[in-house]
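Subject: Structure handover

Hi there,

Here is the structure I promised to pass on to you. Please open it alongside this message, and then read on for what turned up.

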Amino acid sequence: TEEDAIAAINGAYQPLQWPKLYNMRMWTSDIMAGNSIVGAGGGDDGRETQDMANFVTSTDNPGVLDLFRGPSPGILRSNIVLQRVPEMNIDENIKKQILGEAHFLRGLYYFILVRYFGDVPLITKPQVPGDDLRPARTDKELVYDLIINDLTAAKELLPPKSSYSSNDLGRATKGAATGLLAKVFLTLGEWEQVVNLTKEVENLGYALNPDYADNFDVNNENSVESLFEVQYTSNGGEDFWSNENQSSWTSTFMGPRNSGMVAGGWGWNQPTQEFVNEYEEGDLRKDATIFYEGCPLFDGVEYDPAFSSTGYNVRKFLVSKSVSATYDNSPKNFPVLRFADVLLMQAEALNNLGQTTEAESPLNRVRARADLPAVTGLSQAEMKEVILHERRMELAFEGQRWFDLIRVDNGTWGLDFLHSIGRLNASQKHLLFPIPLREIESNPNLTQNPGY
């Protein structure tokens, strides 16, 4: 029935919510990227993340296993929808939307996998007895082909965000598929595609929120700037630590430790001094993004830098106790793609095409909201650095920085940066994670990434 099809596609979204992906592992990539340290309780608290950030990752690292396994249930559920829904006798518009959502989600899940691991098994239909249940890794170029095909299909099948009722806000849309496809082409260095797709997104009516902090307000979720975000809710209905939990971990984990400022408050993801030094004078994003000595009050409480080993904590994902009175009840959504990101992708692509003057406009739209002066008259090389700096500050702690480090100049730009901040262990092999030992032991057809 139509209700079955809707339930099936709803299930395909759920793995995005899990700690294996956006409820933890995706945002901890900012720790690897040098924006922050684990912090937490010290000692072995978050040891797997500490090892990943220190580039001493072993093949039995639990965080790596989470990221390798995290997308698989979503891929399976998307494959089931794509196999079964086309033959169903249901409303054609509903059918198109559901198939578009499934293509979008499968593309997103594989995009996560291919960037972290390179070649991965490519499974495009539900496996049944008699199938090869020990698939080998597929060349990443073929994985990208599937991702591009999926997102192109989603772009054509999905309706615009404006057509959704309030109950359906948060589902994949034409804008989400178009924007994510632009990010895929950004990763592949297909600059003209990026420019064309980002302009398509703009024509769909997306815009910057007037205030940067609006992007992280629980009362302003799925806003005019949001292309796609992972949905969370209070009263998630399951144990906080289970996959089925539908409440967010971010406020609980990132709240300043022993501060009482938010429910939980376990002190993860503490910004480094080097990151904080990168804020330009007067950047309005600073007060919305981090806590620092003398910063604006939070929920009437003054921040004490002694709450953190670096003197800083992340602010943008915290929710008041009036919103979430207990550690296991935050409804804070997690942003996957915002219009500011789209504008910065457009600026980067234009600059790479040699259209440096044209790149100023989208870049300066983002800077203007932060109350920063317009950038003009730079060389192409200078503009490159300014745009990448802008991406770092605009998208801080949203799980984007790591992917920028490993894609620019095939990762050499990122390695140079990591070495400059003292992450000297980082080497070419660390641009990809190891294939988890447990997976190789259960599937001898899997090969290991070089250097592990």
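This is a predicted model: local features need pLDDT of at least 70, side-chain atom pairs count only at pLDDT 80 or more; totals for chains, interfaces and linings use all residues.

**Two helix pairs**

Let me start with helices H5 and H6, which span residues 72-84 and 92-117. Their axes lie 9 Å apart, and the packing angle is about 150°. Since angles over 145 degrees count as roughly antiparallel, that makes H5 roughly antiparallel to H6. The crossing in which H5 passes H6 is left-handed. On the H5 side, the contact is made by Gly74, Ile75, Ser78, Asn79, Val81 and Leu82. H6 contributes Ile98, Leu99, Ala102, His103, Leu105, Arg106, Tyr109, Tyr110 and Leu113. By type, the residues of this contact between H5 and H6 are 10 nonpolar, four polar and one charged.

The other pair is H8 (residues 174-188) with H13 (residues 339-352). Here the axes come within 11 Å and cross at roughly 35°, again in a left-handed crossing. From H8, the residues that take part are Gly179, Ala182, Lys183 and Leu186; they meet Asp341, Met345 and Glu348 of H13. This contact of H8 with H13 divides into three nonpolar residues, one polar and three charged.

**A covered helix**

How many of the eight residues of H4 are buried? Six are, and H4 is described as mostly covered. The buried ones are Gly63, Val64, Leu65, Asp66, Leu67 and Phe68.

**Positive phi angles**

Phenylalanine 55 has a positive phi, near 60°. This residue sits in the loop that runs between helix H3 (47-53) and helix H4 (62-69). With a relative accessibility of 5%, phenylalanine 55 counts as buried.

Asparagine 269 is not a glycine either, yet its phi is positive at about 70°. Asparagine 269 belongs to strand S3, residues 268-271. Its relative accessibility is 0%, so asparagine 269 counts as buried.

**Aromatic rings**

Across the whole structure, a search finds 31 aromatic pairs. One of them joins phenylalanine 253 and tryptophan 266 in an edge-to-face arrangement, with 5.0 Å from centre to centre and 70° between the planes. Phenylalanine 253 is in helix H10 (residues 250-254), while tryptophan 266 is in the loop between H10 and S3, so this pair ties together parts that are 13 residues apart in sequence. Are the two partners buried or exposed? Phenylalanine 253 counts as buried at 4% relative accessibility, whereas tryptophan 266, at 24%, counts as partly exposed.

Phenylalanine 275 and tyrosine 279 form a pair too: their ring centres are 5.5 Å apart and the planes stand at 80°, so the pair is edge-to-face. Phenylalanine 275 is buried at 0% relative accessibility, and tyrosine 279 is buried with a relative accessible area of 10%.

There is also a cluster linked by ring pairs. Its members are Trp27, Phe240, Trp241, Trp249, Phe253, Trp266, Trp268 and Tyr327. Phenylalanine 253 and tryptophan 266 from the edge-to-face pair are therefore among the residues that ring pairs link into this cluster.

**A buried glutamate and an exposed glycine**

Glutamate 390 is in helix H15, which covers residues 380-394. It counts as buried, as its relative accessibility is 0%. What does glutamate 390 contact, leaving aside its neighbours within four places in sequence? The list is Glu280, Arg285, Leu344, Leu363, Val366, Arg367 and Leu372.

Glycine 237, by contrast, is exposed, with a relative accessible area of 66%. You will find glycine 237 in the loop between strand S2 (226-230) and H10. Glycine 237 and phenylalanine 185 are 52 residues apart along the chain, and 38 Å separates their C-alpha atoms.

Methods:
Residues are numbered from 1 along each chain as its sequence is written. Side-chain values use heavy atoms; hydrogens and water are left out. Axes are lines fitted to C-alpha atoms, for helices over the stretch in contact, and angles run from 0 to 180 degrees between N-to-C directions. Helices (H or I, at least four residues) and strands (E, at least two) are DSSP runs, numbered from the N terminus. Angles under 35 degrees count as roughly parallel, over 145 as roughly antiparallel, 65 to 115 as roughly perpendicular and the rest as oblique. A crossing is left-handed if the near helix is turned anticlockwise from the far one by less than a right angle, and right-handed if clockwise. Contact means heavy atoms within 4.5 Å. Ala, Val, Leu, Ile, Met, Phe, Trp, Tyr, Cys and Pro count as nonpolar, Asp, Glu, Lys and Arg as charged, and the others, Gly among them, as polar. Buried means under 20% relative accessible area, exposed over 50%, partly exposed in between (1.4 Å probe, protein chains only). Rings of Phe, Tyr and Trp (its six-membered ring) pair if their centres lie within 6.5 Å; planes under 30 degrees apart count as stacked, over 60 as edge-to-face and the rest as tilted.
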